[in-house]
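Trainee: Please take one part of this model and go through it closely. I would like to follow the pairing of charged side chains.

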Amino acid sequence: MINRADYVSDKDWQGFLDFSKELETPCIVVNLQTIRMNYQRLRGLFPYSQIYYAVKANPEKEIISMLAEMDSNFDIASRPELDLVLSLGISPERCSYGNTIKKARDIAYFYEKGVRMFATDSKEDLKNIAQNAPGAKIYVRILVENSTTADWPLSRKFGCHPDMAYDLLILARDLGLTPYGISFHVGSQQRDIGQWDDAIAKTKYLFTSLEEDEGIKLSMINMGGGFPAAYTTPTNDLSEYAAEIKRYLVDDFGDDLPKIILEPGRSLVGNSGILVSEVVLISRKNNTALNRWVYLDTGKFNGLIETLDESIKYPIITSKDSAGGKEAEVILAGPTCDSMDILYEDYKYRLPVDLKVGDRLYFLSTGAYTGSYASVSFNGFLPIKTYIMK
Ligand SMILES: *Cc1c(COP(=O)(O)O)cnc(C)c1O
C-alpha cells in the first residue's frame, strides 16, 4: 500500500536496514543527515527568517548540537530543556522561552541563565515576567483557530484574542519590559496554508494599531511551526508554503519585513526517524472475523502517542512487503494491558496476509514527537530507545 521510495530514498533505506538489523525492537533510528538537509532546505526557502528549533519535537543531543552548528536558535519550554541546550555549549541569547505556561521561579531561572526573550498570553504571566525578568523582550501569542485542518491542533489552550494581545503589549511597556512582537502557531501538521494568511493579517493589525495609538513599534513576528512532515495524508510541498507565506507577508508588510522567526519541529525532524517494531501476536476475535488484530511491541505508551484519535497516520511498511504479495486489512494495537492502546482501528492499514509473529513493522516519518513522548515504564515497558545514524 505504501510506496517506501516516496518517503525514504533507496540509499537511505539500505543504510537504515544495515544499521538496524541487529538492534532490539522497539527502537527509533534517526538519520542526522536528513535533518541537516531539511534545515538547509528550510533556510533556502525562508532566507529572511531566523530559525528557532522547537526542542520538544526531538530533544536528542546530537540533533540539537548539529542544528546549533548550522546556526539554529532554540524554542524552549521548560527548565530541563534549557539545561540540556545550555549544557551543549549553546548561548542563552539563542534561546527563547516559548511556553506561555510557566511558574514565576521558572522565569527567574531562565533570566538568571541569560534568556531575554519570553512569550506570554496572559496578564498574570506578564506580571511574573516583569518581576522576574526585568526589561525582557516580550512577544504575545495570539489565538488562531486551527482545529479542522491541522492534524495535531494547538488551538484553545494557547494564545489570546488580538484585543487582549494589544492590552498586554501596552502593559508590557508600562511594566518596564520591551514590547517586541507577536507570535502564533497555526497548528501542527497544518495542511491549510491559508491559516497563515489570517494569522499574519491579525498580526499586521496589531503592529499598526499599537504604533498609531500608542507609539509602540513592534519588530518581530514569530510564525511558530505547523509546517508538514510526510505522513500518509497528502500536503502541499514546503516550497508552496514558503511562496504563499512570503506573499501574505509582503501583502501586509511590504518589502520591509519585520524580523521573522520560525519554530519548526515536525518539518525538521519528522521524516528523519524510522520506528522499528516487531509483531508480537496476530489473532482474530472470532472464527469468521475478516480483520486480523496485529499486536506490536510498540504502542501509544512507547512512541506512538500521536496515533491518539488516529490523528497522525504514519506510513507503515513491513519486512514482508513483497512485490505484488496479497494484503488484507488489519487493526493495529500496542502491547500494554490498556484498551486505549490501539493504534489504528477506524483507519484500516493493509498488511501482507503472510505477515508472521516476529516480523518487523517500520513506521516511517517518526522522528518527531515519538521518543520523548513515551511513558516512563507503563506496564513495565521501557521508554523507547533512539539511535542516531550519523
Ligand atoms: C510545538 C511547538 C512548535 C513546533 O511545532 P511543529 O508543528 O512541530 O513545527 C513551535 N512553537 C511552539 C511554541 C510549539 O509549542
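**Charged pairs, one by one**

Mentor: Begin with E306, which counts as buried at 0% relative accessibility. Buried means under 20% relative accessible area, exposed over 50%, and partly exposed in between, with a 1.4 Å probe and protein chains only. The model is predicted, so local features need pLDDT of at least 70 and side-chain atom pairs count only at pLDDT 80 or more, while totals for chains, interfaces and linings use all residues. Residues are numbered from 1 along each chain as its sequence is written, and side-chain values use heavy atoms, with hydrogens and water left out.

Now the partner of E306. R266 is buried too, at 2% relative accessibility. The two side chains form a salt bridge, 2.8 Å from N to O. The pair links distant parts of the chain: R266 sits in helix α10 (residues 266-269), E306 in the loop between β13 (292-296) and β14 (316-318), 40 residues apart. Helices (H or I, at least four residues) and strands (E, at least two) are DSSP runs, numbered from the N terminus.

What makes a salt bridge here? The rule asks for a side-chain nitrogen of Lys or Arg within 4 Å of a carboxyl oxygen of Asp or Glu. The general idea is simple: side chains of opposite charge can pair when their charged atoms come close. The rule gives 10 salt bridges in this model.

Take D106 and R79 next. Their side chains meet at 2.8 Å, N to O, in another of these salt bridges. D106 belongs to helix α5 (residues 104-113) and R79 to helix α4 (residues 79-87), so this pair ties together parts that are 27 residues apart in sequence. The two ends have their own burial values. D106 is buried, with a relative accessible area of 14%. R79 is partly exposed, at 27%.

Last, R173 and E214. Their salt bridge spans 2.9 Å from N to O. R173 is in helix α7 (residues 162-174) and E214 in helix α8 (residues 194-214), so the pair joins parts 41 residues apart in sequence. R173 counts as partly exposed, with 31% relative accessibility. E214 is also partly exposed, with 29%.
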